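Colleague: I have a model open and I am new to this. Can we go through it feature by feature?

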Amino acid sequence: VAGRHPEEQRLVIIGGGGAGLAAAVEAAEKGIKDITVVEKKAVVGGTSAIAGGIFACQSPVQERLGIPSDSSQLFKKAMDWAHWENVRPEVLRAFINKSGQTIRWLEDKGLEFDLIAFYPHQMPPVQHNPRGLGAALIRLLQKECLNHGVRILCRTAAHKIIRGEDGAVAAIECLADGQITTLPCRSIIIASGGFSGNKELMRRYFPHLKDGLLLSGLPLKGDGIFLAEAAGAAIENTATIIKEGPRFHIHQWPLLALERNPVTLWVNRRGERFTDESLGYHIFESVNPIMRQPEMACFTLLDGSLRRYFEENIGRLTNRRMGDAPSVIHDTLEKGFSQGVSQGTIKMAASWAEIAAWIGAESEVLTATIRRYNEFARQGQDADFVKDRQFLLPLTEPPFYAVRDLVVQLDTIGGIRIDEKMRVMDPRDQAIAGLLAAGVVTSGWESEIYCSELSASAFGFSVNSGRIAAETAAAYLAQL
Ligand SMILES: Cc1cc2nc3c(=O)[nH]c(=O)nc-3n(C[C@H](O)[C@H](O)[C@H](O)COP(=O)(O)OP(=O)(O)OC[C@H]3O[C@@H](n4cnc5c(N)ncnc54)[C@H](O)[C@@H]3O)c2cc1C
């Protein structure tokens, strides 16, 4: 293959996740003949392979459902959410503008999507879940790569980016089987994912972060940030953790539907309530007040009547249409509770005093919390955190339940400074010729707190920025 295609036109993509594979397919479609994806792990997919869906607006799915979604309004929402800080408007704009067309691009290749309302009343819903989720999207892109003759080298890690005397990308050093090989190329797209597994970077970006977040994504090391930095790129000094909570240890339906449900009551290890529980609809923000509690501990409380109410109203409360009969919901929920009790992550008790002992709280503190909350429920007014009265239900009927919660880290966003064409910038804000970046290894499109309104923007940005980076690479290679 190397003999047939001039190396001057070669594109190398670092990382075979959502961003890298989307870039490879787009690059092939744009006519780049010699494309190599180097993937450090034994298989492609990265964190994208375990993701749910991708953000899009003005998509064919929304159009078919008659759901108006306006890219300008969503752009404004996201910028306001970020307080116009740490986000480059032109980068965010490029992503949002591309997103609807990307759904068409994927549908044309055979992928089907469900449009998900990420929380009740989200308008417009923007999360497009492929049937088969992230794994299906990755499989599709991998297949397209094979069809286009893209070379995918697994167990091959990018080691160094080499720039020529003119400053432009000239080659890449890769490490495979303990051997370093140099591959001449004129363009590189860095798509190496986040840095959740790199303690040094986690400390550098989040110095005040306490231990205790459970990583549910891959412990990637942020290689792309070091590779780009060594090649002269500007590295931003802010980043985002995609975190969510509270999460239950047993992650199975319908117990899962109680997680973050606003009809429950949340307390810390001292037995004190600390937030409006309907914040749970905003899964990425609800973890913030929990992280301020002692040892980041949170317990979800409910009683017998609340459980019954939940079982009867599960469809409405979870914003999902439920096909199961109430008795089936009751029995499977019972199974989940029993499993939690035997694993020590759920406590069922006849009194709040027993629950307090299990949590490690003073019994008087917990019972005072419950008494106060029940009074709010009776009055229909939450004088502490102003929870909507429709979610204020008293907890009076044994058995009482406490569920030990987790706070979870999905991925990180940030590092390499890019412009709207996904070109990697140097500290003087000049593009480095031939060098591009895509996916969560980049900065400039997400604020400090991951935005629920633009749900699925991490995976969404990966796929869209991968495509944009490939378009830029194609235009660059064409004019050499
Ligand atoms: C459980 C879970 C659910 C999620 N659900 C969603 C969701 O529904 N919507 C959403 O938007 N986001 C979701 N996310 C987050 C999202 O999946 C990721 O942030 C996003 O997909 C990252 O895509 P990426 O292409 O940038 O990186 P990745 O998909 O992680 O790919 C990076 C690839 O680069 C490779 N690599 C790293 N270093 C090197 C090197 N030196 N050389 C070669 N290869 C290298 C890695 O091995 C990896 O394969 C979820 C995350 C988790 C954990």
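Colleague: Let's start with hairpins. How many residues lie between β7 and β8 in their hairpin?

Modeller: There are five residues between β7 and β8. One of the turn residues, G167, has a positive phi of about 90°. Keep in mind that this is a predicted model.

Colleague: How many bridges join β7 to β8, and which way do the strands run?

Modeller: Six bridges join them, and the strands run antiparallel. β7 covers residues 157-163 and β8 covers residues 169-176. To see a pair, find I161 and look across to β8: I172 stands opposite.

Colleague: Now a sheet. In what order do the three strands of the open sheet come?

Modeller: The order is β3-β5-β4, with antiparallel pairing. Look next for the edges. An edge strand pairs on one side only, and here the edge strands are β3 (54-55) and β4 (113-116). Between β4 and β5 (residues 127-130) there are four bridges. For one partner pair, take I116: its bridge partner in β5 is Q127.

Colleague: What kind of peptide bond joins M123 and P124?

Modeller: A cis bond, with omega about -5°. P124 sits in the loop between β4 and β5. There is also a cis peptide bond between G245 and P246, where omega is about -5°. P246 is in a strand, β12.

Colleague: Is R155 buried or exposed?

Modeller: Compare its relative accessible area with the cut-off. Exposed means over 50%. R155 has 59%, so it is exposed.

Colleague: And M296, buried or exposed?

Modeller: Buried means under 20%. M296 is at 6%, so it counts as buried.

Colleague: Let me try a helix residue. Where is T102?

Modeller: T102 is in helix α4. At 1% relative accessibility, T102 is under the cut-off and therefore counts as buried. Now ask what surrounds it. Leaving aside neighbours within four places in sequence, T102 is in contact with V463, N464 and R467.

Colleague: Why look for groups of buried residues?

Modeller: Because in soluble globular proteins, nonpolar side chains tend to be buried together. In this model, the largest nonpolar core has 111 residues. L92, I188 and I190 have the most contacts inside that core. Helix α14 (residues 457-478) gives the largest share of the core, eleven residues. Apart from it lies another core, of 40 residues, including Y119, L302, A402 and V403.

Colleague: Which residues does L92 contact, leaving aside its neighbours within four places in sequence?

Modeller: They are F75, A78, M79, V87, G444, W445 and L454.

Colleague: How do the residues of the lining of the largest cavity divide?

Modeller: Nine are nonpolar, two are polar and one is charged.

Colleague: How many nonpolar, polar and charged residues does the lining of the second largest pocket have?

Modeller: Eleven nonpolar, eight polar and five charged. Now find these features on your own screen.

Notes
Residues numbered from 1 in each chain as written. Predicted model: local features only at pLDDT ≥ 70, side-chain atom pairs only at ≥ 80, totals over all residues. Heavy atoms only, no water. Nonpolar A, V, L, I, M, F, W, Y, C, P; charged D, E, K, R; others polar. Pairing = 2+ DSSP bridges. Helix = DSSP H or I, 4+ residues; strand = E, 2+ residues; numbered from the N terminus. Core = buried A, V, L, I, M, F, W, Y, C linked by side-chain atoms within 4.5 Å. Buried < 20%, exposed > 50% of the residue type's maximum accessible area, 1.4 Å probe, protein only. Contact = heavy atoms within 4.5 Å.
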